[in-house]
Amino acid sequence: MAAAAAPGSLRVGFVGAGHMAEAIAQGIIRAGKVEAQHVLASAPTDRNLCRFLALGCQTTHSNQEVLQSCSLIFFATKPHILPAVLAEVAPVVTTEHILVSMAAGVSLSTLEELLPPTARVLRVSPNLPCVVQEGAMVMARGRHAGSSEVKLLQTLLEACGQCEEVPEAHVDIHTGLSGSGVAFVCTFSEALAEGAIKMGMPSGLAHRIAAQTLLGTAKMLLQEGQHPAQLRTNVCTPGGTTIYGLHALEQGGLRAATMSAVEAATCRAKELSRK
């Protein structure tokens, strides 16, 4: 169970089998990073495990069995359940394991306190678009996790979207920006479509065009590396439709409200981390 093993030969475990765990499993399997039969997931009941079985993965009700069978483990339980789960598996953790927590608000120091002294621990903060392999993820490493562990995890998670290493202090900000940001973007997409509906466009068409507009704009920003202000300027011709619309957005306080939304969500994430 060496950290430097090629991703394709890895045995990957999931303790917890919810939607985010399934999304990551699906991404790494479809990308050929890990063979389905080399993925083992555990959960108390079969309710979620059936989705892993459908992917061709192995399943169990024993959390310890996951660690005994796999070298890279994703802990995908609810945050308040994780301490009890770590206490349960701690006796079988070895120096060969790479342990990755997906639990929001559980710090690296807390994870390391609950595990053996030299455990190699990392935190990952995913977001819902991992389900369609377009996630925005960040990771932070613990004291005993090195560059090889980070590189291995990054190689796997890039099958599910964008993944970057950050200082742990940025993980809560990522929660406010990208985790909660999915809901903020959905609210804006809904508002765009409702504006078109107000002007007479059929609902289904308006929502499809709004979503495609968001997708296309995001691709341009990522692929061309432009600052959003530059792309906005390119669209905004003097005396044209866009500047009139932007003026209405500024009057409504869109920019300040969005900044405040990210700030509020980040502060709440930090508050939960302290509990």
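This is a predicted model: local features need pLDDT of at least 70, side-chain atom pairs count only at pLDDT 80 or more; totals for chains, interfaces and linings use all residues.
Reader: What does the secondary structure of the protein chain come to, and what space do the C-alpha atoms fill?

Author: The chain holds twelve helices and eight strands. Its C-alpha atoms fill a box of roughly 70 × 35 × 35 Å along the principal axes. Of its 275 residues, 38% count as buried, a term that requires under 20% relative accessible area.

Reader: Why is Phe188 called partly exposed?

Author: The relative accessible area of Phe188 is 31%. Buried means under 20% and exposed means over 50%, with partly exposed in between. Phe188, at 31%, therefore counts as partly exposed. Its place is in helix H8, residues 181–198.

Reader: What makes Phe188, Leu192, Leu249 and Leu254 a nonpolar patch?

Author: A patch of this kind takes residues with over 30% relative accessible area and no salt bridge, whose nonpolar side chains are joined within 5 Å. Phe188, with 31%, passes the cut-off for area. Together, Phe188, Leu192, Leu249 and Leu254 have about 290 Å² of accessible area on the surface.

Reader: Which term, buried, partly exposed or exposed, applies to Lys270, and why?

Author: Lys270 is partly exposed, because its relative accessible area of 35% lies between the limits of 20% and 50%. Lys270 is found in helix H12, which covers residues 254–274. From C-alpha to C-alpha, Lys270 and Phe188 are 25 Å apart in space, and in sequence they are 82 residues apart.

Reader: What makes E7, helix H6 and E8 a right-handed unit?

Author: The term right-handed applies if, with the strands pointing away from the viewer, the path from the first strand over the helix to the second runs clockwise. E7, helix H6 (residues 147–157) and E8 make a right-handed β-α-β unit.

Reader: Why are E3 and E8 said to stand at the edges of the sheet?

Author: The eight strands form an open sheet with mixed pairing, in the order E3-E2-E1-E4-E5-E6-E7-E8. Strand E3 (58–60) and E8 each have a single partner strand, so one side of each is left without a neighbour in the sheet. From one strand to the next, the twist averages 20 degrees.

Terms used. Residues are numbered from 1 along each chain as its sequence is written. Side-chain values use heavy atoms; hydrogens and water are left out. Patches are made of residues with over 30% relative accessible area and no salt bridge: like charges are joined within 9 Å, nonpolar side chains (Val, Leu, Ile, Met, Phe, Trp, Tyr) within 5 Å. Accessible areas come from the Shrake-Rupley method with a 1.4 Å probe; for residues, only the protein chains shown count as cover. A salt bridge is a side-chain nitrogen of Lys or Arg within 4 Å of a carboxyl oxygen of Asp or Glu. Helices (H or I, at least four residues) and strands (E, at least two) are DSSP runs, numbered from the N terminus. Buried means under 20% relative accessible area, exposed over 50%, partly exposed in between (1.4 Å probe, protein chains only). Two strands pair if DSSP finds at least two bridges between them. Axes are lines fitted to C-alpha atoms, for helices over the stretch in contact, and angles run from 0 to 180 degrees between N-to-C directions.
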